[in-house]
Structures are given as C-alpha cells and as structure tokens.
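The sequence and the structure come first, and the description follows.

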Amino acid sequence: MSPNQRLLQILLTISSSPAPLSAQMISEQTDTPVSSVYRYIATLREWNFIRHLKG
C-alpha cells in the first residue's frame, strides 16, 4: 500500500469511528506501526483534517 493510500485509510478509520481512537487502536485496525500512525496523525492535524481532543 502506498503512503497516500495508508494516510487515507487512517483518515477513514478515524472518521468512521463513533468515539475517539488512540494511536494504538488505529495501528491495530490499519496494520500500521504506531510510529507511522503518529506521523500520519501529525500530517492530518497540520492540514486540519483532524483535531486533538483534550480529555
């Protein structure tokens, strides 16, 4: 899977979840290393596709 496809897969995983997801949960659902998930999350936040919920 290309990096762009992986990024979109992560975005779809996040957007389809009824509750916030941890990086570990995203990693497990997308079969992506947690370190990569954090990089993809940073990119999605930078482009304002997602936001961090404080809790």
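A residue is called buried when its relative accessible area is under 20%, exposed when it is over 50%, and partly exposed in between (1.4 Å probe, protein chains only). The model is a predicted one: local features need pLDDT of at least 70, side-chain atom pairs count only at pLDDT 80 or more, and totals for chains, interfaces and linings use all residues. Residues are numbered from 1 along each chain as its sequence is written, and side-chain values use heavy atoms, with hydrogens and water left out.

**Overall fold**

The protein chain holds 3 helices and 0 strands, in the order α-α-α from the N terminus. Helices (H or I, at least four residues) and strands (E, at least two) are DSSP runs, numbered from the N terminus. The radius of gyration of the protein chain is 10 Å, which agrees with the value near 10 Å for a compact globule of 55 residues. That radius is taken over C-alpha atoms, and the globule rule is 2.2 Å times the number of residues to the power 0.38. Along the principal axes, the C-alpha atoms fill a box of roughly 30 × 25 × 20 Å.

Of the 55 residues in the protein chain, 29% are buried. The chain exposes about 4300 Å², of which carbon and sulfur atoms supply 55%; accessible areas come from the Shrake-Rupley method with a 1.4 Å probe, and for residues only the protein chains shown count as cover. Among contacts with a separation of 6 or more, 39% join residues 24 or more positions apart. Contact here means heavy atoms within 4.5 Å.

The spans below can be set against an expected value, which is 1.5 Å times one less than the number of residues in the helix.

| Helix | Residues | Span, first to last C-alpha | Expected span |
|---|---|---|---|
| Helix 1 | 14 residues | 20 Å | 20 Å |
| Helix 3 | 13 residues | 18 Å | 18 Å |

In helix 1 the buried residues are Arg 6, Leu 7, Ile 10, Leu 11 and Thr 13. They lie on the same side of helix 1, because they cover an arc of only 160 degrees around the axis. The arc is that of the directions from the helix axis to the C-beta atoms. An α-helix has 3.6 residues a turn, so residues three or four places apart point the same way. The face of helix 1 turned away from the buried side carries the exposed residues Asn 4, Leu 8, Leu 12, Ser 15 and Ser 16. Helix 2 and helix 3 are included in what covers the buried residues of helix 1.

In helix 3 the buried residues are Ser 36, Val 37, Tyr 40, Ile 41 and Leu 44. Their arc around the axis is only 140 degrees, which puts them on the same side of helix 3. On the other side of helix 3, Tyr 38, Arg 39 and Glu 46 are exposed. The cover over the buried residues of helix 3 includes helix 1 and helix 2.

**The nonpolar core**

A nonpolar core is a set of buried Ala, Val, Leu, Ile, Met, Phe, Trp, Tyr and Cys residues joined through side-chain atoms within 4.5 Å. The largest one has 10 residues: Leu 7, Ile 10, Leu 11, Ala 23, Ile 26, Val 37, Tyr 40, Ile 41, Leu 44 and Ile 50. Helix 1 (3–16), helix 2 (23–30) and helix 3 (34–46) each supply at least two residues of this core. Helix 3 gives the largest share, 4 residues. Leaving aside its neighbours within four places in sequence, Ile 41 is in contact with Ala 23, Ile 26 and Ile 50.

Most residues other than glycine have a negative phi. Asp 31, in the loop between helix 2 and helix 3, has a positive phi near 55 degrees. Asp 31 counts as exposed, because its relative accessibility is 68%. Asn 48, in the segment after helix 3, has a positive phi of about 60 degrees and is not a glycine. At 67% relative accessibility, Asn 48 counts as exposed.

Leu 12 and Asn 48 are 36 residues apart in sequence, and their C-alpha atoms are 15 Å apart in space. For Pro 3 and Asn 48 the separation is 45 residues in sequence and 19 Å between C-alpha atoms.
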